[in-house]
Amino acid sequence: MVKVVKNVVCPFCGCLCDDLEILVEDGHIVGTKNACRIGHAKFMHFEGSVRYTEPLIREDKKEDFKKTDYDRAIEEAARLLVESKLPVLYGFSSISCEAQREAIMIGERIGAVVDNTATI
Amino acid sequence: MHAHPRHMGRYSVFARGFFRERGRKDRTVVVVDPRKTDTAKLADLHLQVEPNKDYELISAMRAVLKGHELNVDRVAGIPVDTIYAVVEACKKAQFGQLYFGMGVTMSKGKHRIIDNAICLIQELNAYTKFGLMPMRGHYNVNGFNQVMSWLTGYPYAVDFSRGYPRYNPGETSTIDLLLRGEVDVMMNIASDPGAHFPQKAVEHIARIPLISIEPHQTPTTELSNIVIPTAFTGVEVGGVAYRMDGVPLELKKVVEPPEGVLTDEEVFKIMGKKIEEML
């Protein structure tokens with residue numbers, strides 16, 4: 001059964017078109033309506049790239065990644081940030097405002113530089 | 001029109017509205033671009049400015065607006081008669097809007113160009129209603145600037161290292177910090193500096209520990225020490241985002257994220273708690 005989800009806001013560019021219809025079958029997106037090609041690709045997950053579903057970690061950048069769990073990955077990330085002198089938190093433009101707020105609070109706590117893609 | 005395919009149709013050029021019943025026919029489109037782009041082909045006037053000469057063009061427009069005469073044949077490669085015509089068209093408009101992209105902020109002169117453009121828009125408001133809006137690439141660039149502004153008073157490039165927020169683009173902006181080699185740890189959230197930053201900045205990223213909060217394999221995750229995947233906001237988790245004109249919209253959750261994958265918000269909440277324990 002194909003279910004149609006109406007009035008979906010497109011999470012690709014700054015236009016945030018809010019008239020998309022997404023076709024969902026068995027919990028998977030099978031098609032879109034009204035979306036432009038870029039928005040369609042975002043929903044259909046076309047990027048042709050690898051989706052990570054588990055955190056990865058490595059000591060040396062020349063080594064291969066090892067799979068790990070969220071607890072250890074976040075713990076190690078937190079340790080790197082706490083021990084650093086001038087950390088930079090960069091990006092933020094493809095996450096929700098709620099998540100941005102949490103990240104900015106982290107930046108304030110550790111004395112980081114917090115910057116987003118508007119900088120370039 | 002390629003980066004924001006529905007912008008012209010839905011919002012700016014072809015959209016029919018209360019004051020613009022005939023859509024495109026009731027509007028004048030001026031495109032400033034060194035190349036003859038597809039957008040430029042649709043325009044009424046195309047100002048084919050020479051690369052890195054935007055500042056000169058804006059200054060010339062401001063001079064003409066103030067009633068000065070231009071004593072040259074061309075400014076920035078554009079015949080002065082065209083500049084007179086554009087300024088006249090802007091003055092006569094009922095409501096004008098300047099949409100700008102990275103050409104204005106990243107060519108020679110950087111933020112000083114947009115500074116000059118803001119002055120031009122201010123001066124045009126002596127004649128008519130005129131505004132300007134950056135064409136946001138990602139969907140929530142504006143959202144971050146809004147959140148950052150109500151938390152710290154500054155939109156981006158905020159430095160907390162002295163214990164209070166400081167803002168000075170060129171000093172506290174990411175690329176400049178990386179070029180000067182001052183950064184010792186970087187956390188990258190849902191973006192791809194490895195693909196978009198200048199070579200020298202990427203070289204410094206490669207030297208320092210890098211944490212990526214990112215669902216996909218990208219050039220940046222290849223440089224990372226830690227990759228923390230998250231659910232796609234707007235597809236697998238809801239949330240609020242700001243449109244480029246500052247209107248907040250609620251993103252929808254359409255499908256479930258892959259089993260066990262956390263959201264960005266959950267990751268930052270856990271990280272915040274762990275940092276609190278370590279400090």
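The exercises below work through a predicted model with chains A and B.

Residues are numbered from 1 along each chain as its sequence is written, and chains are lettered from A in the order in which they are written. Local features need pLDDT of at least 70, side-chain atom pairs count only at pLDDT 80 or more, totals for chains, interfaces and linings use all residues, and side-chain values use heavy atoms, with hydrogens and water left out.

**Exercise 1. The interface**

Task: State how many residues each chain gives to the contact, and describe the area buried between chain A and chain B.

Solution: 

Step 1. Contact means heavy atoms within 4.5 Å. Chain A contributes 90 residues and chain B contributes 104 residues.

Step 2. Buried area is the accessible area (1.4 Å probe) that two parts lose on being put together, summed over both. Between chain A and chain B this is about 8500 Å². Carbon and sulfur atoms give 66% of that area.

Step 3. On the side of chain A, the residues that lose the most area to chain B are A:Tyr52, A:Lys61 and A:Ile120, together 9% of what that side buries.

**Exercise 2. Charged and polar pairs across the interface**

Task: Find how many salt bridges there are between chain A and chain B, then describe the side of chain A that touches chain B.

Solution: 

Step 1. A salt bridge is a side-chain nitrogen of Lys or Arg within 4 Å of a carboxyl oxygen of Asp or Glu. The count between the two chains is seven. One of the salt bridges joins the side chains of B:Arg10 and A:Asp18, at 2.5 Å from N to O.

Step 2. A polar contact is a pair of N or O atoms within 3.5 Å; within protein, one must be able to donate a hydrogen and the other to accept it, and residues adjacent in sequence count only if both atoms are side-chain atoms. Across the interface, 51 residue pairs are in polar contact, both residues being at pLDDT 80 or more.

Step 3. Helices (H or I, at least four residues) and strands (E, at least two) are DSSP runs, numbered from the N terminus. Helix 3 (residues 97-110) of chain A gives the largest share of the side of chain A that touches chain B, 13 residues.

Step 4. Ala, Val, Leu, Ile, Met, Phe, Trp, Tyr, Cys and Pro count as nonpolar, Asp, Glu, Lys and Arg as charged, and the others, Gly among them, as polar. By this rule, that side of chain A has 50 nonpolar, 19 polar and 21 charged residues.

**Exercise 3. Strands from one chain to the other**

Task: Starting at strand 6 (residues 87-91) of chain A, follow the strand pairing into chain B.

Solution: 

Step 1. Two strands pair if DSSP finds at least two bridges between them. Strand 6 of chain A runs parallel to strand 9 (residues 185-189) of chain B, and five bridges join them. Here A:Val88 has B:Met186 as its bridge partner.

Step 2. Strand 9 of chain B is joined in turn to strand 10 of chain B by four bridges, again in parallel. B:Met187 is opposite B:Ile211.

Step 3. Strand 10 of chain B also pairs with strand 11 (residues 226-228) of chain B, in the parallel sense, over three bridges. In this pair B:Ile211 is opposite B:Ile226.

Step 4. In a regular strand the side chains alternate between the two faces of the sheet. In strand 10 (residues 210-213) of chain B, B:Leu210 and B:Ser212 point one way, and B:Ile211 and B:Ile213 point the other way. Buried means under 20% relative accessible area, exposed over 50%, partly exposed in between (1.4 Å probe, protein chains only). These four residues of strand 10 are all buried.

**Exercise 4. Single residues**

Solution: 

Step 1. B:Arg24 sits in the loop between helix 1 (7-12) and strand 1 (30-32) of chain B.

Step 2. The side chains of B:Arg24 and B:Asp44 make a polar contact at 3.2 Å. Beyond its neighbours within four places in sequence, B:Arg24 is in contact with residues including B:Val13, B:Phe14 and B:Leu42.

Step 3. A:Leu16 is buried, at 1% relative accessible area.

Step 4. A:Phe92 is buried, at 0%.
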